[in-house]
Amino acid sequence: MKIILLSLDNEVGKARRNKINYDYDLIYGVSNTNDLPEEYKNRIHIPYNSIDKNKIMKQRGCCMYGHLNILNKIVNENLHNVIICEDDAILKDNVNLND
């Protein structure tokens, strides 16, 4: 069983990763639209009557970027039995994830 973790490369992400109690492969997301590639920005639909278009781009685009990077990793590496977690997911019980 492989766990892929989505986290930000900042102090909040680092503090959250320090609390994680399982092995994982790390994929970094972005939280700034300046770090978002144009190909992702072009895929985001922003309603014409939106008041804060930059906020919607940040919410939708940055989130999509991280999750699509994880999906690309799964497809490119032909991974099976994968759990995708964000950095605030902590294993509560002593569960064997391989069962």
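Lys 41 and Glu 38 meet through their side chains in a salt bridge, 3.5 Å from N to O. Both sit in helix 2, residues 38–41, three residues apart, so about one helical turn separates them. Keep in mind that this is a predicted model.

A search of the whole structure gives four salt bridges. Another of them joins Glu 77 and Lys 73, at 3.1 Å, N to O. Glu 77 is partly exposed, at 41% relative accessible area. Lys 73 comes out at 18% relative accessibility, and that counts as buried, because the cut-off for buried is under 20%.

Next, Arg 16 and Asp 87. Their closest N and O atoms are 2.9 Å apart, in a salt bridge. What does the pair tie together? Arg 16 lies in helix 1 and Asp 87 in the segment after strand 3, so the link joins parts 71 residues apart in sequence. Arg 16 is partly exposed, at 36% relative accessibility. Asp 87 is buried, at 7%.

Three strands form an open sheet, order 2-1-3, with parallel pairing. Strand 2, residues 25–29, and strand 3, residues 82–86, are at the edges. Each has a single partner strand, so one side of each has no neighbour in the sheet. From one strand to the next, the twist averages 25°.

Strand 1, residues 2–8, runs parallel to strand 3, and five bridges join them. Take Leu 5: its bridge partner in strand 3 is Cys 85. Back to helix 1, residues 11–18. Helix 1 packs on the sheet and touches strand 1 and strand 2. Its direction makes about 150° with that of strand 1.

Methods. Residues numbered from 1 in each chain as written. Predicted model: local features only at pLDDT ≥ 70, side-chain atom pairs only at ≥ 80, totals over all residues. Heavy atoms only, no water. Pairing = 2+ DSSP bridges. Helix = DSSP H or I, 4+ residues; strand = E, 2+ residues; numbered from the N terminus. Axes fitted to C-alpha atoms, helices over the stretch in contact; angles between N-to-C directions. Contact = heavy atoms within 4.5 Å. Buried < 20%, exposed > 50% of the residue type's maximum accessible area, 1.4 Å probe, protein only.
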